[in-house]
Amino acid sequence: MFLTFDGLSRGAVYAAFALALVLIWRATRIVNFAQGAMAVATAYAGFEVSAATGSYWLGFAVAIAAGLILGAVTERVVMRFVDHSSPLNGVVVALGLVLVIQGGLGMIFGSEFRPAEAPFSRDAFTVGGVALLSRFDLFVFAAVGIVVVLLALLFTRTHTGLRMRAAAFAPDVSRLLGVNVSGMLTLGWALAAAVGSLAGMLVLPTELGLHPNAMDIVFVSSFTAAVVGGLDSAIGSVLGGLIVGLLLSYVSGYLGATVAPIAVLILLVVVLLGRPGGLFSRSAARTV
Amino acid sequence: MSGKMKIATIVAGVAVVVVLTLVFPPFRTYQLATVGAYLCVTAGLTVLTGLNGQLSLGHGALMATGAYTLALSVNAGWPLTAAFAAALVVTTVIGGVVGLAAARLRGPYLAGLTLAVAVVVPAITSTFDGTFNSDQGLSVALEPPPGTVTVEQWQAWLAWGAALIVLVLLQLLIGGRFGRELKAVRDDETAARLAGVGVARTQVLAFVVSAACAGIGGALFAVLAQSVSPGAFPLSLSLFLVMAIVIGGLGSLAGAAWGAVLLVALPALAHTVTEGIDAQRLEGNLPLALFGVTLIVVMLAAPGGIAALRPFKRSPFKRSPFTKAGLRPLRKRSKA
C-alpha cells in the first residue's frame, strides 16, 4: 500500500517530466535530451536562492522562472539553428547541451552531492498502523495536478494554445495566417523547460540530493514514461509516468533499489518493440 | 584515395605511432595507448552512426561489457589473447541483441533506448555484485611484458595493434558492397529495399560490427587501467564518443582518428590549463563544458567535422557524382 502511494507520487513527477518532453516533441520533433540537465541547473538556482533567503517558496519560484528563461534561451540561441533534415542533429546538439550544463554546474558548484530540502515533512501518515503517504507526496500530487490542468486549459481553451498547436501542426500555413510561429516555438520550449524544472524541484528531495548528474536516471525513466504513453500524447505521458512510477516503486520495494534501472530498461525495450507508438497511441502511418 | 591507398595510410600511421612509443616518455606513451583504444571504439561508432545513420548512446556500456569480460577471463587464468577473443565474442552477442532491437527503431527512440542501456551499467554491476564487485570493480592482473619492453610500450603496442586490425577490417568492409549498403539504408530505406538491400539485416550487422569494435576498445581500457569499475564507463563516456566522431567528421575513419586524439588531448589540455591555478572544480568539468560547446558549434557550423576541413582538397563529400549520393554529411541529407 505504501509502495503504491510512493509509486504514484514518483510517477506524478515522471509524468510532469515526460509531459515536458512531449511538449517539445510535439512542437519541434526534437526529443530534448538536455531536459534533465536543464532541470538540474534550474534546481541549483532554486536551492541556492532558498539557502540564501531561507524561503523555500522563493527558491521554488526562482527555479520555475529560471526554467522559463533557460528554455527560451536554449530555443533562441541553439535549437533554432539545428537542421531538422535528420533527426540525429537535434539529439546530438542536445547532448552537447548536456555536457555544457553538467560541466558548467560542476565548475560552479562542485561535483559533490548537496542536500535538497523538502518543504514538507516526508514522514508518511499512518492509517490504522499502515503507512500511506506523506505531506510531501500530497504536495507533489497537487503541484503536478495543477500543472497538467493548466496546460490542458492553455492548449484547449486559449488563443495562445490554439496558435501553439497550429504552429506545431502546420508551421507554413500558420505563418501565412499571421501566427508568430517562431515565437510559439520559443514559448513552447520555455513552458516545457519550466515544467521540467518543476519536476526537478519535486524529485530532487526524494533522491540523493543535488548533483550535476542527478537527473540522468530520472530522464531515462521519464523518457520511458513518454514512450510508454506515446511521444505524441500528452495524456499518455501522464499515464505512462504513473505506470513507470508504480513499476519502479514495486521493483525497488520487492527486489531492491539497484534493480530499478534494469526494470526501466526492460519496460522500455518491451514497449518499443511491442508498440513503438506507445500504449495509448491511435493508429498512425509510419513515416519513412 | 583508393581503398588500397587508405589501407597503406592506416598501416603507415600505425607504424609512425609505434616508432613514437620508442622515443616518448612513459606518460606520453600511455596517452598514445589510450588514443589507440579510443580509436577502436570511435572507428566502429562512426561506421554505425555516420555511415548507417544509427545513433548509439550506449557504446560506453558495450565498452564496459568488453572490459568486464576481459577482466573476468584474465582473472580466471586465461591467456590475454583468449581473453580478448572472449571480450570480442561477448560484446558481439550483446551487440547483436541490442542491434536486433535497434533495427526496429528510428532517431530519438533509438537514442533513448541506447541511453537507457548506458545508464543501466552501474545498476547491473551492483545487482550482480558477486560477479562484478559493485562500484569497486575488478582489478586485472597482467603478466609482465616480455623482454625489456616497458609496461607503457607494451600497452601502446597492444592498443595500436588492435587499432590496426580494426581499422583495416573496417576499411575493407566499408570500401566494398557492405559499405554501399550501409549508406543506401541510411539515405533512403525504401529505395534501399527496392534495390534489394536487406534493411534490417544491414542495420543489425552494422550494430554488431560496431559493438565488436567497442568491445575490443573496452577490453583495451581494462588492460590500460589494469582494473575495471562502473565509474570508468559513465554516461558521459558514451556522450564523449558521439562527440568525438561528430567533431572528427561523421562517417570517415580519419574523422574517427581525429576524434580519438581529441578525446585524449582535450582533457590533457584542460588539465595543463587548470594545473597552475588552484581549481579543483575545474578539473574534469572544464573538458566536459569544452566538449559540449565544441559539439554544438560543430553541429551548427561545420557538420562535416575536422576531417572535412582540408583547405587544399575539395571536400570528400563532393568528389564525384557517384559518391555524392552516399557520402554526404548528415546535415545535408534531403528530406525524406
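How many residues does the contact take from chain A and from chain B? Chain A gives 43 residues, and chain B gives 47 residues. Keep in mind that this is a predicted model.

Let's look at the chain A side. Which of them gives the largest share? That is α4(A), with 17 residues.

What are these residues like? On the side of chain A that touches chain B, 31 residues are nonpolar. Another 10 are polar, and two are charged.

Now chain A as a whole. The chain has 11 helices and two strands.

Next, the overall dimensions. The C-alpha atoms of chain A fill a box of roughly 60 × 45 × 35 Å along the principal axes. For 288 residues, a compact globule would have a value near 19 Å. Chain A has 19 Å, so the two agree.

Then the inside. What percentage of chain A counts as buried? Of its 288 residues, 54% do. For the cut-off, buried means 20 or more other C-beta atoms within 10 Å of the residue's own.

Last, contacts within chain A. Take those with a separation of 6 or more. Residues 24 or more positions apart account for 69% of them.

Terms used: Residues numbered from 1 in each chain as written. Chains lettered and ligands numbered in written order. Predicted model: local features only at pLDDT ≥ 70, side-chain atom pairs only at ≥ 80, totals over all residues. Contact = placed C-beta atoms within 7 Å. Helix = DSSP H or I, 4+ residues; strand = E, 2+ residues; numbered from the N terminus. Nonpolar A, V, L, I, M, F, W, Y, C, P; charged D, E, K, R; others polar. Rg over C-alpha atoms; globule rule 2.2 N^0.38 Å. Buried ≥ 20, exposed ≤ 12 C-beta atoms within 10 Å, placed from the backbone.
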